[in-house]
Amino acid sequence: MSRLLCLAVALSCTLDARAGTLPSFLRACSASDPNLSQCVEKVIAVGGGKFAKGIPELGIASLDPVHLGRVVVDNPALKLTFDDTVVTGLGGFVVNSYKIDTEKGKATLDFTANVTLKAHYDMDGQVLILPIRGNGEAKIKITNLNIVIKYDYKTVDGYWTVTGYKDSYNMDRAQFKFTNLFNGNKELADTTVKFANQNWKLIMQDIAPPAIEHIIHKCVDEVKKLFKSVSATDLLAA
C-alpha cells in the first residue's frame, strides 16, 4: 500500500471515529430562523434533562449525578475538604433564557436548578464567630441555584470549539447537615448547624466558589464533548 493511500485510510478512520449523530432527543434548529435563540432554548429545555443523564456512545458523562471528587476550601479561618463529592439535581434544571449570535460566535445560557451536594468532609477552623471541627458526612441542599454561562465558540474543521467562557451564579438558600461535628457532641453540633443555617449566605461565600466552579466546569466539559462529536451543521442546520 502506498504512503498516500495509507495516509488517506488513516485520515478516514480518524474522521469516522470522531463523527457522531445528534441524539434523537435533541433537534437541530435552522441558522436562518429569525427566532434562533428561542428555538435553541426550547431544544435545551426539552432535551437537557436527558443530556444530563449522559450519552455514553458520544463519551458524554453524567451531569446528574455529577462526580466532583475532591473539593477544597482553604482560607485563613477555615480548612474544609470534601471527598467523594457527588451533586444531584442538575437534570431537573429550568432554562431561563438562551441567546446566540452566530456571526460573533457568542452564546449565553441562563438556567436554574435545585441541587444537593453529598460528600465526606474534614473540617477545622471557624465559621464567622464559632469554632467548628469535624470529620464525617456532609449534605448541602441549594435552592434555586441560578447559573449563567457566557461562552465564545468558533468552527474548526466543521466542528464547534469553545474558545472561552465566563460564569456567574447566585442562589435563594442553602441548608447544611454535618455528621460527627465535635466528635459527636450533639449539643455543640446542633448549635453550630443551626447557626450555619441561619447565616447560610455568609458561609456559602467561602464554600460555594470552589464547589460551584467544579460544577460549571463539568457542565462545560460535557458540552464540549458534544460539540467535538457532532458536526456544526448537525447541531445547527443551514
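1. Helices (H or I, at least four residues) and strands (E, at least two) are DSSP runs, numbered from the N terminus. A cavity is a set of points, on a 1 Å grid over the protein atoms alone, where a 1.4 Å probe fits but cannot get out, and lining residues have an atom within 4 Å of a point. The model is predicted: local features need pLDDT of at least 70 and side-chain atom pairs count only at pLDDT 80 or more, while totals for chains, interfaces and linings use all residues. Residues are numbered from 1 along each chain as its sequence is written, and side-chain values use heavy atoms, with hydrogens and water left out.

2. The cavities come next. There are three cavities of 30 Å³ or more, and the largest cavity holds about 700 Å³ of space. For these figures, grid points are joined across faces, edges and corners, and a volume is the space filled by probe spheres set on the points.

3. Which element gives the largest share of the lining of the largest cavity? Helix 2 does, with six residues. At least two lining residues each come from helix 2, strand 4 (94-101), strand 5 (106-127), strand 6 (130-156), strand 7 (159-170) and helix 4. By type, the lining of the largest cavity has 28 nonpolar residues, one polar and one charged. Here Ala, Val, Leu, Ile, Met, Phe, Trp, Tyr, Cys and Pro count as nonpolar, Asp, Glu, Lys and Arg as charged, and the others, Gly among them, as polar.

4. Helix 2 spans residues 36-52 and contains S37. S37 counts as buried because its relative accessibility is 16%; buried means under 20% relative accessible area, exposed over 50%, and partly exposed in between (1.4 Å probe, protein chains only). Not counting residues up to four places away in sequence, S37 touches Y98, K99 and I100, where contact means heavy atoms within 4.5 Å.

5. Strand 5 pairs with several strands; two strands pair if DSSP finds at least two bridges between them. Strand 3 (residues 78-88) runs antiparallel to strand 5 and is joined to strand 5 by nine bridges, with V86 opposite K118. Strand 4 is also antiparallel to strand 5, with seven bridges, and Y98 has L109 in strand 5 as its bridge partner. Strand 5 and strand 6 are antiparallel too, over 21 bridges, and L117 has I140 in strand 6 as its bridge partner. In a regular strand the side chains alternate between the two faces of the sheet.

6. Two hairpins deserve a look. Four residues lie between the strands in the hairpin of strand 4 and strand 5, where G105 takes a positive phi near 70°. Two residues lie between the strands in the hairpin of strand 5 and strand 6, where L128 takes a positive phi near 55°. L128 is a residue other than glycine and is partly exposed, because its relative accessible area is 37%.

7. Some other backbone details sit in loops. N183 is not a glycine, yet has a positive phi of about 55°. N183 lies in the loop between strand 8 (173-178) and helix 3 (186-198). Is N183 buried or exposed? N183 counts as exposed, because its relative accessibility is 68%. Elsewhere, D64 and P65 are joined by a cis peptide bond with omega about 5°, and P65 is in the loop between helix 2 and strand 2 (66-74).

8. A nonpolar core is a set of buried Ala, Val, Leu, Ile, Met, Phe, Trp, Tyr and Cys residues joined through side-chain atoms within 4.5 Å. The largest such core has 74 residues, of which F82, M171, F176, L181 and M204 touch the most other members. Helix 4 (residues 200-229) supplies the largest share of this core, 13 residues. M171 touches I142, T143, N144, L145, W200, M204, A208 and I212, not counting residues up to four places away in sequence.

9. D206 is also in helix 4. D206 is partly exposed, because its relative accessible area is 37%. Apart from neighbours within four places in sequence, D206 is in contact with V73 and N75. D206 and V193 are 13 residues apart in sequence, and their C-alpha atoms are 16 Å apart in space.

Methods
1 Å grid on protein atoms, 1.4 Å probe; cavity = no way out; pocket = protein on both sides within 12 Å on 5 of 7 lines; lining within 4 Å.
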